[in-house]
Structure formats: C-alpha cells, structure tokens
Amino acid sequence: MKKKFKNDNTHRLPGDEKIQLQDSIKDLVSDANRYDYGDFRAIKRSAVTLRLLFYDTRKQTCLLTHLGDKNKIIMQSFRERVTYAKGLSYGDIYMASFRSDTHNEYYNTFLFKPNKSLSAYFKENFNKWWNQNLFFMGDQSKHTKLTRRKLITTIANQDGGAHFDEDVDTSYLGLKTGQTGISIKPTPGASELLGYDVSGYDHNIIFKDISLAYMREVVHEAILSLIDYYSLENIIYQPNFDYNWQRKLNTIGGHFEIAPDDLSK
C-alpha cells in the first residue's frame, strides 16, 4: 500500500503581505544605495524583487495582486512621454565614461539622471507604466524597444537576477552589449566628449549596460510609488545621483532623442 503524504501548507498569518512589502522595498533601497556609490551591477538583484512585487503569471501571483492593489496603485514615471513611436529615444539616460579597474581601459556606460526640479514627470496606472517603452529605436523596417516589463523579467529570468541562461532575449542583449544604439567614432572631438584620449583607437566606442541604468530608474520609480501609496514614511530612501555623475570622466552627459523626421534629413 502506498503511503499518502499530508500537505503541510497552510494559510499565511494576517499581515504577512505587508511585512513582505516593507522587506521588498528595503531590499530595493539597499540595491539602489550600492548602485549610487559605484557598484553598478548590484542593481540587477532588484529585478527579482520587482518581479515578486509586480509580475503575475498563470503559476505566480505577485505581491501587489495578493494585496489587491495592482489595479489601484498609481506609479510615478520619470520616462517623459513622447508623441511618436519611431525614431530614437533613450529617456533620462545619459552616457558616462569611467576609468576601469584594468590599466588604461575605460568603462563606457549610461547613468539615470532625473531632473531635480521634478518629483516625477508623470503619474501612470500600473499597466501603462509596466508596458511603457524605456528605450525605442527604429523605422518602418526594424524596431527595437525595451519596456519595464521586458527589462525586469529578462534580467530576473535570464541574465543573473534569479537565473543565468545560455540564451538571452535578442533585443535586450543588443542594448546590454552596446551593439544596439549610439556609438562614437574615435575622432579628435570624441576625446573631449568622452573625457579621455581616443587617438589610438581603431574602432567605434560603444556604451554598454544601459540595462543597469534603466533598472536604476525603475527601482527609483518603484520605491517612490510604493512608499507614497502605502504611506511608509518609516522607510528611509535618500538617493544620491550626484556621486557617479561627478566622478565620470566626461564633463557633459550625452542625451539622445531623434524624431522620425530628423532621421530622414
């Protein structure tokens, strides 16, 4: 006779969801602090926390759905609305160059730098915020875009958040490696733009890991939105966007946006 095993699962105690919510926000704050002081890759861990908070599947119910608030919460967005769907738009993301730990090498990447005079550009319902393009580039023949949903789920499920897969979403990988987007030719003017000498370079300079800058943006939006909606003033969040900005080698952070009409000129 086969022995039947008893299911030991039981209902959670009242209030468990609120405890997990506060723990999750504190985890986001911790990752944000590490990023803000130069540990850029630490922000990848936030993808798992954001997935837990926001991502519903047939087998998984996110925390905000458990709380009954996913369709009620208003999310703060630092992604300025644009009126066109073709062309090129990076949002509040700026190129930044840093000296690498390796001798005479440089790390060309991006930083999220919100406008200090704005608490947020817009307030959006969750679905609009979740599916909004952070990046898009293209014309009638080819189009690359990156939404908050794709960013969070790809990092969490494929690129080291919770899993590290052999295969990674193509459009995400192109942005991460810098193969998609702006590159700079090593002309004399490029040295001034980048903040270091590129006279010996025989290849274009590409900017990597825009995904990390976008993750910092999404984490910033999520922390502010959740603290505000749930009145969690006990959680201290003091972002420092100036530290990385001031230590970058380039004195001016390049900001990219090209409307479709400009592409045809």
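These legends go with close-up views of helix packing, cavities and a pocket in a predicted model. Residues are numbered from 1 along each chain as its sequence is written. Local features need pLDDT of at least 70 and side-chain atom pairs count at pLDDT 80 or more, while totals for chains, interfaces and linings use all residues, and side-chain values use heavy atoms, with hydrogens and water left out.

**View 1. Helix 1 meets helix 2 (residues 46–54) in a left-handed crossing.** Helices (H or I, at least four residues) and strands (E, at least two) are DSSP runs numbered from the N terminus. The two axes come within 9 Å and cross at roughly 155 degrees, which makes the pair roughly antiparallel. Here axes are lines fitted to C-alpha atoms, for helices over the stretch in contact, and angles run from 0 to 180 degrees between N-to-C directions. Angles under 35 degrees count as roughly parallel, over 145 as roughly antiparallel, 65 to 115 as roughly perpendicular and the rest as oblique. A crossing is left-handed if the near helix is turned anticlockwise from the far one by less than a right angle, and right-handed if clockwise. Look for Gln20, Leu21, Ser24, Asp27, Leu28 and Asp31 of helix 1 in contact (heavy atoms within 4.5 Å) with Ser46, Thr49, Leu50, Leu52 and Leu53 of helix 2.

**View 2. Helix 1 also packs on helix 8, at an angle of about 140 degrees.** Their axes are 10 Å apart, and this crossing is left-handed. The contact divides into 14 nonpolar, no polar and three charged residues. For these classes, Ala, Val, Leu, Ile, Met, Phe, Trp, Tyr, Cys and Pro count as nonpolar, Asp, Glu, Lys and Arg as charged, and the others, Gly among them, as polar.

**View 3. Helix 5 (residues 148–157) packs against helix 8 (residues 210–230).** With an angle of about 110 degrees and axes 11 Å apart, the two helices are therefore roughly perpendicular. Arg148, Leu151, Ile152 and Ile155 of helix 5 touch Ser211, Tyr214, Met215, Glu217, Val218 and Glu221 of helix 8. By class, that gives six nonpolar, one polar and three charged residues.

**View 4. The largest cavity has a volume of about 50 Å³.** On a 1 Å grid over the protein atoms alone, a cavity is a set of points where a 1.4 Å probe fits but cannot get out, a pocket is an open set with protein on both sides within 12 Å along at least five of seven lines, and lining residues have an atom within 4 Å of a point. Grid points are joined across faces, edges and corners, and a volume is the space filled by probe spheres set on the points. You will find Tyr35, Leu111, Phe112 and Trp245 among the lining residues.

**View 5. The second largest cavity holds about 30 Å³ of space.** Its lining includes Tyr90, Phe110, Leu175 and Phe207, and has six nonpolar, three polar and no charged residues.

**View 6. The largest pocket contains about 390 Å³ of space.** Of its 20 lining residues, Tyr106, Tyr107, Asn108, Ile206 and Lys208 lie nearest the centre. Strand 3 gives the most to this lining, with three residues.
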